[in-house]
Amino acid sequence: MKKQLIEHSLPSLKDAAKRSKEQTKIVVEDLKPSSRLLEYAKNKRYFVRTYGCQANVVDSEMIEGILQELGFIPCDDPIKSDLVILNTCAIRENAEDKVFGEVGSLKRLKDQNKEALIGLCGCMVQQTHIVEKVKQSYPQVDLIFGTHNIYRLPILLDEAIFSERRIIEIYSKEGEVIEGVPLVREDKIKAFVNIMYGCDKFCTYCIVPYTRGKQRSRRVSDILVECQELVRQGYQEITLLGQNVNAYGKDLDENLSFASLLEAVAKTGIPRLRFTTSHPWDFTREMFDVIAKYDNVMPCIHLPLQSGSDDVLRRMGRRYTSAEYKALVDELKKMIPDIALTTDIIVGFPNETDDDFEKTLEMVHYCHYDSAFTFIYSPRIGTPGAKMKDETPFEVKKARFERLVKAVEEEASKRALRYVGNVYDVLVEGSSKKKDDILSGYTETLKLVNFKGSQDLIGKIVKVKILESHTFSLIGEVAENG
Ligand code: SF4
């Protein structure tokens, strides 16, 4: 029998696009679960699958934190679980296709365990057409909740379990910052710390400002307490996370800046500090100074280019020109000569010409990126980009994409050569699945290094001499006195 639907709130792109000038409100939530939910959750197993970016990784850590606090036990097989939650990504169409594929295959879970629950959350369900599709075609999904509704999970689960209805609750409001949600980190060496949520930039290809809402910064004091606790627990690396970290603070107090936050976190003594993602338009002089001054701020910057053509950049709403981007790269390289630069590039934005694309290739060779995430443009319903007419055939975009990948690999291989023969600090993260004496870790510049060593080096920073370079990884050996 089909379950009835309870729709608390459905997504609205119009509401999601609203922005007020009000300062961000910080709300501390106390999840008070019902006693019947606590009783129900005892010994029940859950499985959470995370698609997409690091923001989703942290959201899943919160979802797991809530579930474990309720009494659920983690399980690594969805088919043996009592509750499966898929935390989805909307950035490209193929990410959405994968989720629908998995939701389809989870019918098997319902066939063997009628009581099992399936939940969908994340950026995908912030879109009206996706929720309609799930409502119509995927009756096996019991609970749909949005990116702003995670802290409401105990209430929504309670309702989904005990009312035996399908529950939908997706807010599209501007949102506040919710503190006090528990979080479970599986990684004991490296941690992501959210410093802000949402984005106000509205680049014309991007769905994030709609799915994650208004830019909302956390208080410095809350971020510092979290980072100090990570240092106390022995974490070796923190990455400060946000859609546009260098716009941090402006929604709280005009005098707050990302550079001052970065400096405050560097002073906690965490051995390695990173941040992502930076928007070139918001990069400040003050940030250069902090990166150069503190040895624990890693010399590796992710600086999304998206296109090398001024015309395409303008139509993307990126707010910088190729000349301004180049000047930023020049300045970074002058101040921090060994800096590693990584980037994101989109190929085939509507009506990108051959000439536009050649300018992107020129930029790749100018900036000498250490690596790049490259994508073929995927129109997202509701964004201005999706309404732009596009005459360029897909085969042309694909051919450009292949040339771009080659250019990126060529630059990355050249950059990798500089490591050979030198000794670097490597944070050891684990060992190879096949050979447990082959360890892997990352340099300060985020280059993957594989080398022979004993398991007790995992979690430590070790000196490694580089013997061989490949495009995206290095082979080394523990240096004498390493
Ligand atoms: S700055 Fe980043 S997250 Fe924000 S709209 Fe642009 S691409 Fe999307």
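Colleague: In which loop does T277 lie?

Modeller: T277 lies in the loop between β14 (272-276) and α11. Such names come from DSSP runs, counted from the N terminus: helices are H or I runs of at least four residues, and strands are E runs of at least two. Please note that this is a predicted model, in which local features need pLDDT of at least 70, side-chain atom pairs count only at pLDDT 80 or more, and totals for chains, interfaces and linings use all residues. Residues are numbered from 1 along each chain as its sequence is written.

Colleague: What is the peptide bond from T276 to T277, cis or trans?

Modeller: That bond is cis, with omega near 5°. Another backbone feature is found at Q306, a residue other than glycine whose phi is positive, near 70°. Q306 belongs to the loop between β15 (300-302) and α12 (310-316).

Colleague: How is the packing of two helices described?

Modeller: Two packed helices are described by the angle between their axes and the distance between the axes. The axes are lines fitted to C-alpha atoms, for helices over the stretch in contact, and angles run from 0 to 180 degrees between N-to-C directions. Here, α9 (residues 220-232) and α10 (residues 258-266) pack at about 30°, with their axes 10 Å apart. That makes α9 roughly parallel to α10, a term for angles under 35 degrees. The crossing of α9 over α10 is right-handed, meaning that the near helix is turned clockwise from the far one by less than a right angle.

Colleague: Which residues of α9 and α10 meet?

Modeller: Two residues are in contact if their C-beta atoms, placed from the backbone, lie within 7 Å. On α9 they are V220, I223, L224 and C227, which meet L261, A264 and V265 of α10. By class, this contact has seven nonpolar, no polar and no charged residues. Ala, Val, Leu, Ile, Met, Phe, Trp, Tyr, Cys and Pro count as nonpolar, Asp, Glu, Lys and Arg as charged, and the others, Gly among them, as polar.

Colleague: At what angle do α10 and α11 pack?

Modeller: α10 and α11 (residues 285-293) pack at about 15°, with axes 8 Å apart. α10 is therefore roughly parallel to α11. In the contact, F258, A259, L262, E263 and A266 of α10 meet E286, M287 and V290 of α11. These divide into six nonpolar, no polar and two charged residues.

Colleague: What is the strand order in the open sheet of three strands?

Modeller: Two strands pair if DSSP finds at least two bridges between them. The order is β10-β13-β14, with parallel pairing. β10 (190-194) and β14 are the edge strands, each pairing on one side only. β13 (residues 237-241) and β14 are joined by five bridges, and R272 in β14 is the bridge partner of E237. α9 packs on this sheet, touching β10 and β13, and its direction makes about 175° with that of β10.

Colleague: Which residues surround the ligand?

Modeller: A residue counts as near a molecule if its C-beta atom, placed from the backbone, lies within 6 Å of it. The ligand is surrounded by C199, K201, F202, C203, C206, V208, P209, Q243, N244 and H279. This shell has six nonpolar, three polar and one charged residues.

Definitions and conventions. Parallel < 35°, antiparallel > 145°, perpendicular 65-115°, else oblique.
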